[in-house]
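Have a look at the chain below before reading on.

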Amino acid sequence: MTEIEEETGMTEAECEYWDEFITNNPVKLGADLARHGIKPGFARHYLPLNELDIDVIDYLRKQSVSSSKSHVQIINELVREKLAVNAESI
């Protein structure tokens, strides 16, 4: 395990991705966080994206931007769709 992985829990590639993303997409405090589903005082209850595959993170980010939904809302919709399909096949 590299030093970066020990410090951040992410690979070097993930660190580079997020460094570039944050540099090119600065977060606006206040309304911007609320638009992404993060309520004041609840920022510590975030979805640990570093545990997801990079392609999943990219999908969630793109869907969040295009639909103005939070990552959690998108994941909930995907899981509900999967549950509905499984219920139909029973």
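## A salt bridge between Glu77 and Lys69

Glu77 pairs with Lys69 in a salt bridge, and their closest N and O atoms are 2.5 Å apart. The model is predicted, so this distance is a computed one. Glu77 has a relative accessibility of 32%, so it counts as partly exposed. Lys69 is partly exposed too. Its relative accessible area is 28%.

Why can such pairs form? Side chains of opposite charge can pair when their charged atoms come close.

Salt bridges with shared partners link Asp58, Arg61 and Lys62 into one network. Take Arg61 and Asp58 to begin with. Their side chains meet in a salt bridge, 2.8 Å from N to O. Both residues sit in helix 4, three residues apart. That spacing is about one turn of the helix. Asp58 also meets Lys62 through their side chains, in a salt bridge of 3.1 Å from N to O. Asp58 and Lys62 are separated by about one helical turn because they are four residues apart in helix 4.

Across the whole structure, a search finds three salt bridges.

## The fold as a whole

How many helices and strands does the chain have? It has five helices and zero strands. Read from the N terminus, the elements run α-α-α-α-α.

The chain has 90 residues, and 12% of them count as buried.

## A negative patch

Which residues gather in a patch of negative charge on the surface? They are Glu12, Glu16, Asp19 and Glu20. One of them, Glu16, lies in helix 2, which spans residues 12–24. Is Glu16 buried or exposed? Its relative accessibility is 54%, so Glu16 counts as exposed.

## Two loop residues

Thr11 lies in the loop between helix 1 (3–8) and helix 2. It is partly exposed, with a relative accessible area of 32%. Thr11 and Met1 are ten residues apart along the chain. Their C-alpha atoms are separated by 8.9 Å.

Ser68 is in another part of the chain. Its loop runs between helix 4 (54–67) and helix 5 (71–88). What is the phi of Ser68? It is near 55°, a positive value in a residue other than glycine. Most residues other than glycine have a negative phi. Ser68 is partly exposed, at a relative accessible area of 44%.

Technical notes
Residues are numbered from 1 along each chain as its sequence is written. This is a predicted model: local features need pLDDT of at least 70, side-chain atom pairs count only at pLDDT 80 or more; totals for chains, interfaces and linings use all residues. Side-chain values use heavy atoms; hydrogens and water are left out. Patches are made of residues with over 30% relative accessible area and no salt bridge: like charges are joined within 9 Å, nonpolar side chains (Val, Leu, Ile, Met, Phe, Trp, Tyr) within 5 Å. Accessible areas come from the Shrake-Rupley method with a 1.4 Å probe; for residues, only the protein chains shown count as cover. A salt bridge is a side-chain nitrogen of Lys or Arg within 4 Å of a carboxyl oxygen of Asp or Glu. Lys and Arg count as positive and Asp and Glu as negative; His and the chain ends are not counted. The place of a charge is taken as NZ of Lys, CZ of Arg, CG of Asp or CD of Glu. Buried means under 20% relative accessible area, exposed over 50%, partly exposed in between (1.4 Å probe, protein chains only).
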